[in-house]
Amino acid sequence: RRCANLRVLNSYWVGQDSSQKFFEVILVDPNHSAIRNDPRINWICNSTMKHRENRGLTATGRKSRGLLARGPRAAKLRPSRRANWKRRQQLSLRRYR
């Protein structure tokens, strides 16, 4: 809200006390010419990269969603633990049995 024109590139944990956790957030201006012309980072200028932090797509968001595991360990994690659990709990009655 404070920097509405900036996009979140990444975030990571830096410390905590007894009641709060502190994260460092890297913000990028997608309208800056240096960002737009750099092929390594201009992917963040796409409209699909808006509000990555709200969808849990930064490193800290992926960690909190439990998506750091890869390969066969991640079978029950994707697309999310909750979606996987819900899919396995539903009774599937096919139309033409």
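pLDDT is the predictor's confidence in each residue, from 0 to 100.

View 1. What you're looking at is a predicted model, so it's handy to start with its confidence scores. The chain has a mean pLDDT of 89, and 99% of its residues reach 70 or more.

View 2. A disulfide is a covalent bond between the sulfur atoms of two cysteines. How many disulfides does a search of the whole structure find? The search turns up zero. Take Cys3: the closest cysteine sulfur belongs to Cys45, and it sits 17 Å away, so that's too far for a bond. To count as a disulfide, the two sulfur atoms would have to be within 2.5 Å. Looking from the other end, Cys45 is in no disulfide either, with the sulfur of Cys3 as its nearest at 17 Å. Are these two residues buried or exposed? Cys3 counts as partly exposed because its relative accessibility is 37%. Cys45 has a relative accessibility of 16%, so Cys45 counts as buried.

View 3. Zoom in on Val14, which you'll find in strand 1. Val14 counts as partly exposed because its relative accessibility is 43%.

**View 4. Leu9 and the residues it touches.** Leu9 is found in strand 1. With a relative accessible area of 23%, Leu9 is partly exposed. Which residues does Leu9 contact, leaving aside its neighbours within four places in sequence? Its partners are Ile26, Val28, Ile41, Trp43, Ile44 and Arg52. For a sense of scale, the C-alpha atoms of Leu9 and Glu24 are 11 Å apart, and these two residues are 15 residues apart along the chain.

**View 5. The backbone at His51.** Where is His51? Look in the loop between helix 1 and helix 2 (59-64). His51 isn't a glycine, yet its phi is positive, at about 55°.

Methods: Residues numbered from 1 in each chain as written. Predicted model: local features only at pLDDT ≥ 70, side-chain atom pairs only at ≥ 80, totals over all residues. Heavy atoms only, no water. Buried < 20%, exposed > 50% of the residue type's maximum accessible area, 1.4 Å probe, protein only. Helix = DSSP H or I, 4+ residues; strand = E, 2+ residues; numbered from the N terminus. Contact = heavy atoms within 4.5 Å.
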